Amino acid sequence: MTTALTAANAPQIRAFFDPATFTVSYLVSDPATRRGAVIDPVLDYDPGSGEVDIRSVSAILDAAAAEGIAIDWALETHAHADHLSGAPYIKAKTGAKIGIGEHIKDVQKIFRPVFDARDLHTDGRDFDHLFKDGEVFSIGTLQAEVIYTPGHTPADVSYRIGDAVFVGDTLFMPDYGTARADFPGGDAHRLYGSIQRLLALPAETRLFMCHDYKAPGRDDYAWETTVAAQRAGNVHVHEGVGEAAFVAMREAGDATLDAPRLLLPSIQVNIRAGRFPAAEDNGVHYLKIPVKPKSETAASALGAAAR
């Protein structure tokens with residue numbers, strides 16, 4: 001997409017940072033029409049108590065109302081493994097459509113047997129729209145383009161809106177590097193290719209991260225950078241780093257990482273477009289925790305405990 005930028009068609013962007021999950025959500029709007037989209041909204045969830053709250057997503061809706069922005073889209077860059085999606089609440093309050101990349105179907109097929117989710121369809125129908133690579137859609141008078149950027153998961157997409165690209169978990173700030181690629185269906189080779197695709201955009205293109213973990217030596221959280229800054233200074237993929245070196249680094253680093261704290265609840269909910277599994281007869285929604293033995297000894301103990 002090569003739309004010329006002017007003050008009239010540049011997006012207005014407001015970021016909302018959730019310190020509990022280190023997630024950045026965005027309210028993106030067209031100044032000319034006051035139509036907007038929310039990207040990667042967070043539903044607050046306490047895994048200790050099972051309680052959910054809407055404070056994070058409500059802050060976005062309150063800001064949109066205060067600025068007179070009508071929300072047409074709730075956009076997901078991928079099925080997140082570190083927070084639950086607030087997209088259904090946005091849809092309920094605004095009528096917005098929930099959109100995600102079409103390869104969410106691959107993720108659903110991977111995780112349906114993991115959770116024995118017999119109610120889960122694997123054709124993406126839980127979402128209102130499945131975006132194809134290169135698809136263009138409108139936010140008011142703004143044009144948005146979908147860029148398929150797999151690697152972190154098989155389904156990641158980035159959204160290019162004017163001079164801004166919302167990259168999901170593909171890239172982090174230059175001093176922090178890149179996203180992990182060890183989730184089921186993830187692939188460091190594909191991640192490298194996706195990153196190169198983003199770095200081929202014009203140098204002045206603004207890039208907006210989905211997370212920030214405050215790299216060592218940095219005092220403040222940050223989530224906006226540029227293609228030029230990433231090319232020059234990303235600690236994982238700066239100029240001169242080839243695919244083989246990147247993949248070796250990424251795979252070695254991923255082997256040391258723990259599973260995200262909200263992995264199991266997040267995946268179950270997010271592959272359903274942010275919805276919880278249907279309530280049981282008592283009116284309560286339940287999430288599943290697959291129990292896996294870590295060793296043969298643990299397997300014996302698990303079997304004994306199950307008898």
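## A look at the chain and its core

The accessible surface of this chain comes to about 13800 Å², and carbon and sulfur atoms account for 54% of that. Keep in mind that the model is a predicted one.

Overall, the fold counts eight helices and 15 strands. The radius of gyration is 20 Å against the 19 Å that the globule rule gives for 307 residues, so the chain is as compact as a globular protein of that length. Of the 307 residues, 47% count as buried. Take the contacts between residues at least 6 apart in sequence, and 65% of them join residues at least 24 apart. As for charge, there are 29 positive and 41 negative ones, and their mean positions sit 4 Å apart.

Now for the inside. In soluble globular proteins, nonpolar side chains tend to be buried together. Here the largest nonpolar core has 30 residues, and the members that touch the most others are Leu 27, Ile 71, Ile 90, Val 107 and Ile 271. At least two residues of this core come from each of α1 (55-66), β6 (70-75), α2 (87-94), β8 (97-101) and α3 (104-114). The largest share, five residues, is supplied by α1. Zooming in on Ile 90, and skipping neighbours within four places in sequence, its contacts are Val 38, Pro 41, Val 57, Leu 61, Ile 71, Ala 74, Gly 95 and Ala 96.

Two loop residues are worth a visit as well. Thr 205 belongs to the loop between α4 (188-199) and β14 (206-208), while His 236 lies in the one between α5 (227-233) and α6 (243-254). Are they buried or exposed? Buried means under 20% relative accessible area; Thr 205 has 5% and so counts as buried, and His 236, with 17%, is buried too.

Leaving out residues up to four places away in sequence, Thr 205 touches Asp 163, Val 165, Thr 225, Thr 226 and Val 227. With neighbours within four places set aside, His 236 is in contact with Tyr 176, Gly 177, Thr 178, Val 241, Phe 246, Met 249 and Arg 250.

For a sense of distance, here is one C-alpha pair for each of these residues:

| Pair | Separation along the chain | C-alpha separation |
|---|---|---|
| Thr 205 and Ser 194 | 11 residues | 16 Å |
| His 236 and Ala 278 | 42 residues | 42 Å |

Note on methods: Residues are numbered from 1 along each chain as its sequence is written. This is a predicted model: local features need pLDDT of at least 70, side-chain atom pairs count only at pLDDT 80 or more; totals for chains, interfaces and linings use all residues. Side-chain values use heavy atoms; hydrogens and water are left out. A nonpolar core is a set of buried Ala, Val, Leu, Ile, Met, Phe, Trp, Tyr and Cys residues joined through side-chain atoms within 4.5 Å. Buried means under 20% relative accessible area, exposed over 50%, partly exposed in between (1.4 Å probe, protein chains only). Helices (H or I, at least four residues) and strands (E, at least two) are DSSP runs, numbered from the N terminus. Contact means heavy atoms within 4.5 Å. The radius of gyration is taken over C-alpha atoms; the globule rule is 2.2 Å times the number of residues to the power 0.38. Accessible areas come from the Shrake-Rupley method with a 1.4 Å probe; for residues, only the protein chains shown count as cover. Lys and Arg count as positive and Asp and Glu as negative; His and the chain ends are not counted. The place of a charge is taken as NZ of Lys, CZ of Arg, CG of Asp or CD of Glu.
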